[in-house]
Protein chains: 2
Amino acid sequence: MISIDLLILAPVGSILALGFAFYLALSILKMDEGTEKMKEIAQAVRVGARAYLKRQYLGVSMFFVIVFFILLAMALKNYLVIFVPFAFLTGGIFSGLSGFIGMSIATQSSNRTAQAASKSLNSGLRVAFSSGAVMGLTVVGLGLLDLSIWYYFLNWYYSCHPIALGTDKIAAITSTMLCFGMGASSMALFARVGGGIFTKAADVGADLVGKIEAGIPEDDPRNPAVIADNVGDNVGDVAGMGADLYESYVGSIVATSALGVAAGLGVAGVTVPMVMAAVGVIASIIGTFFVKSGEQASQKVLLAALRKGVFTSSLLVAIISYFLVRATLGVGHLGVYWSVLAGLIAGVLIGLCTEYYTSSGFKPTRSIADASLTGPATVIIGGIAVGMMSTAIPVIIVCVAILISFYLSGGAANFNSGLYGIAISAVGMLSTLGITLATDAYGPVADNAGGNAEMAKLPPEVRKRTDALDALGNTTAATGKGFAIGSAALTALALIAAYKNQVMFFGKDINSNMMNPTVLAGLFLGGMLPFLFCSMTMRAVGRAAGKIVVEVRRQFKEIAGIMTGAAKPDYARCVTIATAAAQKEMIAPSLLAIAVPIGVGLLIGIDAVAGLLMGATVTGFVLAVMMANSGGAWDNAKKFVEEGHHGGKGSSAHQATVVGDTVGDPFKDTSGPSLNILIKLMSMVSIVFASFIIKNTLIK
Amino acid sequence: MISIDLLILAPVGSILALGFAFYLALSILKMDEGTEKMKEIAQAVRVGARAYLKRQYLGVSMFFVIVFFILLAMALKNYLVIFVPFAFLTGGIFSGLSGFIGMSIATQSSNRTAQAASKSLNSGLRVAFSSGAVMGLTVVGLGLLDLSIWYYFLNWYYSCHPIALGTDKIAAITSTMLCFGMGASSMALFARVGGGIFTKAADVGADLVGKIEAGIPEDDPRNPAVIADNVGDNVGDVAGMGADLYESYVGSIVATSALGVAAGLGVAGVTVPMVMAAVGVIASIIGTFFVKSGEQASQKVLLAALRKGVFTSSLLVAIISYFLVRATLGVGHLGVYWSVLAGLIAGVLIGLCTEYYTSSGFKPTRSIADASLTGPATVIIGGIAVGMMSTAIPVIIVCVAILISFYLSGGAANFNSGLYGIAISAVGMLSTLGITLATDAYGPVADNAGGNAEMAKLPPEVRKRTDALDALGNTTAATGKGFAIGSAALTALALIAAYKNQVMFFGKDINSNMMNPTVLAGLFLGGMLPFLFCSMTMRAVGRAAGKIVVEVRRQFKEIAGIMTGAAKPDYARCVTIATAAAQKEMIAPSLLAIAVPIGVGLLIGIDAVAGLLMGATVTGFVLAVMMANSGGAWDNAKKFVEEGHHGGKGSSAHQATVVGDTVGDPFKDTSGPSLNILIKLMSMVSIVFASFIIKNTLIK
């Protein structure tokens, strides 16, 4: 009974997270908003971001309504438990809500950060970091809330109603909860793909005409796309990233729960991931208090402060989990603890590895900067080579984590225990999400603060401080991206195992032998899909950016006095165009992710779907790492040259690195991160549609 | 006994191929060599190519000697049959020999093609195509010869000696023959990687300094790297491509034979692939007679002529195979015929698909050319997007081929029969190699003929004709690359199945369940390896090209009168530098391919190796298609702009496409094609070291 008692920590953790986030949000809103000009600019970004989200949620609602009725029809035909369509809705709504809250606070914080940075670097950091923490804690808080509500509701329901599909109450609960990840996944895909297209279309569009054609600096208020660019940081990097990790967070917990039941751990198998998440929340809140430094801190000291927060939280989770596993699963299952630890450490290591490959302090990015001396072609080749090279260590880390968590949690004796171990390592990695996401979501706020300072013509030392914050944000963003990809891969593996499980729940078994020709075909198709998906999202960015380019050129030509500052550009129009383009362009890649697993299942069977998911996870993971790191390295190589190396700003070397950075934009901010969701959503879709496919496939 | 009788066709086919190649070679050598200047240039290229091959073979010999003794030691410790080390040597020697012969004729043909092109387009085509045919027929002739010698020798040996490892004579034969593919694979890797690095280092180096810095046209005799560039076409595209396909050819036949025995087909299982190859030889020879046209033919007519040759050969194979399968395997196994047909058709379709994505006659390449209007960044994004998009159809084609050949050859009832079906579809695809390789190896000859015409200052209409031949060559090269990748994927799958088989031969079984954590780790590692390998080869090209750049700059600076044509550049030095760089740079990636499967096997067992091979095959295939097609599309987008679109030569749009083309060079000619070999060689290494790994692995 200790399990049931401990489970109450899940809603408690959720309320703590939301409460603390609320407290932080209030304290941010109380801060000085700065000059009228600063308020006005922040207002413009806020309005743009809201307009984007409103439009996006409107479009996505239609999708959710349609899928809701499809799922409802399937439930009425007994393909699904009746709760699944509703759980689908709540997953989507909570994910959307956390994106909305995080973004609202982020857009309130940019001018406040700029204003605080007028005082000192550390003050600026604290505002921006608090804003990130609101995002991080909202994501974990709402995630845990959704999970807790459903768990307690289903537990009550199945206690007083007959269980239709299974014989075991806890199995029925976890199998139902597993399906609700699809709501979060779908929302995440739209947020990542739509936000990613928006942000890069605006960015590339602003740069191509503003920087290259008109020769005005970045964040110049004369550029009509400058507000759209700032909006993009918020909808892409804040709302998109949040939805991505919300999904991993929720997905890894429900997958682990289902696998725990399969491993014969009963309620305890559910308790461990849920409570560990709650422990992580508390550890994250404690960790935020460690993020502080003296008023005159250097950038290095600030980074150390951020790291101190994350490491403290990780350490706390590492210690408490030991007692948690011991109390719930008993000494016999202490191996599960090592799985948790493997995940936790793997997450940190992948982050450090990402930093090595993308920071201009190390050799790989320097080599790209050096290549700028021989022109853009060698910059591109160098960046792709660095990105490809950078896949090796994260893959090895994940492999080691897989092997350790499988075998140490007893996989050799009980296969399902081993799978549970792999899944719980994902939960371990994500347990400190509250604070890791905070350090990540802080970046766009700092970036926007810089934009605000530039446009409001604050003194140069303020811009210098926000630039320092922004650079720090780039480092943490790179780490965050590595973390998001690594956790997505482990979550996807847990979901694939859960898929196999779910199929068994419906009385079938999956032959996941690779030599099986349908599995083989699935592997190839899955291995290809991330490439196709990236191609679609990159072309989407290109088309959307093209529209922005046309519009910016038009404004430069038609609005007289725009270049002298006498006339104001029509910022809103650029936002509207980017919004419309992103909404349109996100449809095809999203449908791909949903339609392919169903189509493959119906045509060549459930075994092929397993192959498909595995192929997509392997290639998707590697490709996502490559694209994120190539993009990050190009970005920082450009910044390195801008600092005065190889001729500095305006030199031909600089021009070459600008080409690299422009290519890297959709790599690192649209296509790469969207792959995280592709692999998770495909698994989710396969799980939800498992019984439908089993009954209707051509290959039985 | 009909099987044994038919088998004699294999040596007969071999001798026919070699005889016809000899006849063609003689007739080429009798042709007019052109002016003294032309002879002199051809001589320089020939000397450079010979010097490169000599140096390469010297280095590779050392590798072969070392591995020979390792294998010998393993054989003496009973890990291997005693013949394997010797078969390893013959595989390497025959592969090297076919590369040498093909390249010798190619370098003899460039000036003769230019001279013939002075008469007419068709005359030029016939010389260049004959040269390609010598290469194609030498490859298949020597391949079949090697196979026949070993088959008859082993058959005799095991008839009068006790069989050590197995109980069945034919199983002992095929299991031994399987191992000898490693010699061909190793040679192919060195040829592809070394040749690929050489050719692109020379090309990029020549372009960067010559075209961009000095502003002199392509193939200008004032460029010190121009001869190295021409040498590169021969060592990379002729010798490298030949070794690649030699390996696929031999590998698919031995893998099919081994799987045929596993499927219980006995000697007939060996007869079908060997004789089908012989049938393909004859069909290819007949096909070459269809490659002709009137003297005033347009380029379209010439392409049709080439196609006519290939299609005729394919049709002949399609018809004769039916009777062959019927006669050897009986009506009960007629399904195997459909597998052959599936492979044959898949090869043609992949070629056509490649053409669609890389030819400037179609939308994808046009879209890249359009992107040149917004600068190099959009050209790069567009090219990568096109390459990624282009992976979808070839993957679907291969999947359909896998499913058809597995099920129609009876895989549902007998799993091994199905695997035999997949393997024989690879043989079917490669059966017409004699002529498909001819249309492919013809390209570099045409390219060199253009260089010869330019440097010898032949009248512009000659250069125009060789340009037309070259453009045609680009089309057939793209088709050939698609074909090489597709056949490599199917061959690799056959080899993986044979690996599983070989392990069973040593009394173990492979658990190839994807959910098995070691298999999973293998899949991830394998999926990452092609990325790492590409990164290494791309950086190698970059470093080697850097050395050429320095040398060309030095010559421009130090040799007075080089730009006015008064002084001759030191061509040989560029060749020497590129040779040395290629030899040095090819070591690390090659060792990777050999060391990783052994290392993974020893550390995490034979199951992980299966995962590794599968992961590498899936990702390697997709990545190879992407890189080849991105590269091809960039190349043709540049040519399209050069034809006068979007501002034509010298415009900023042209500059942008030059960047794309430069990035594409290592994509399509070094890294991409080398992946074909990576996936095959890794399988071969796993097969040869299977018993060693089984006995010494940490995870039993």
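## Helix packing and the A–B interface in a predicted model

Chain A contains 21 helices and zero strands; helices (H or I, at least four residues) and strands (E, at least two) are DSSP runs numbered from the N terminus. This is a predicted model, in which local features need pLDDT of at least 70 and side-chain atom pairs count only at pLDDT 80 or more, while totals for chains, interfaces and linings use all residues. Residues are numbered from 1 along each chain as its sequence is written, and chains are lettered from A and ligands numbered from 1 in the order in which they are written.

**Overall dimensions.** Chain A has a radius of gyration of 24 Å, close to the 27 Å that the globule rule gives for 700 residues, so chain A is as compact as a globular protein of that length. The radius is taken over C-alpha atoms, and the rule is 2.2 Å times the number of residues to the power 0.38. Along the principal axes, the C-alpha atoms of chain A fill a box of roughly 75 × 50 × 45 Å.

Two packed helices are described by the angle between their axes and the distance between the axes. Axes are lines fitted to C-alpha atoms, for helices over the stretch in contact, and angles run from 0 to 180 degrees between N-to-C directions.

| Helices of chain A | Angle | Axis distance |
|---|---|---|
| α4 (83–119) and α5 (121–160) | about 170 degrees | 8 Å |
| α10 (335–358) and α13 (392–408) | about 175 degrees | 8 Å |
| α7 (226–262) and α20 (652–688) | roughly 20 degrees | within 10 Å |

Angles under 35 degrees count as roughly parallel, over 145 as roughly antiparallel, 65 to 115 as roughly perpendicular and the rest as oblique. α10(A) is therefore roughly antiparallel to α13(A). Their contact includes A:W338 and A:L349 of α10(A) and A:I397 and A:L408 of α13(A); two residues are in contact if their C-beta atoms, placed from the backbone, lie within 7 Å. By class, this contact of α10(A) with α13(A) has 13 nonpolar, four polar and no charged residues. Ala, Val, Leu, Ile, Met, Phe, Trp, Tyr, Cys and Pro count as nonpolar, Asp, Glu, Lys and Arg as charged, and the others, Gly among them, as polar.

α4(A) and α5(A) are also roughly antiparallel to each other, and their crossing is right-handed. The contact between them divides into 18 nonpolar, 10 polar and three charged residues.

α7(A) and α20(A), in turn, are roughly parallel to each other and pass in a left-handed crossing. A crossing is left-handed if the near helix is turned anticlockwise from the far one by less than a right angle, and right-handed if clockwise. In α7(A), A:G236, A:D244, A:E247, A:S248 and A:G251 meet A:D669, A:P673, A:N676, A:I677 and A:K680 in α20(A). These residues comprise two nonpolar, four polar and four charged.

**The two chains.** Chain B is superposed on chain A by a rotation of 180 degrees with 0.0 Å of shift along its axis (RMSD 0.0 Å). The superposition is by least squares on the C-alpha atoms of residues with pLDDT of at least 70 in both copies. The two copies are thus related as by a two-fold rotation axis. In chain B, the C-alpha of B:N513 is the nearest to the axis, at 2.1 Å.

At the interface, 56 residues of chain B contact 56 residues of chain A. The elements giving two or more residues to the chain B side are α12 (376–389), α13 (392–408), α16 (460–505), α17 (517–558), α19 (587–642) and α20 (652–688) of chain B. α17(B) gives the most to that side, with 16 residues. The chain B side as a whole has 40 nonpolar, 14 polar and two charged residues.
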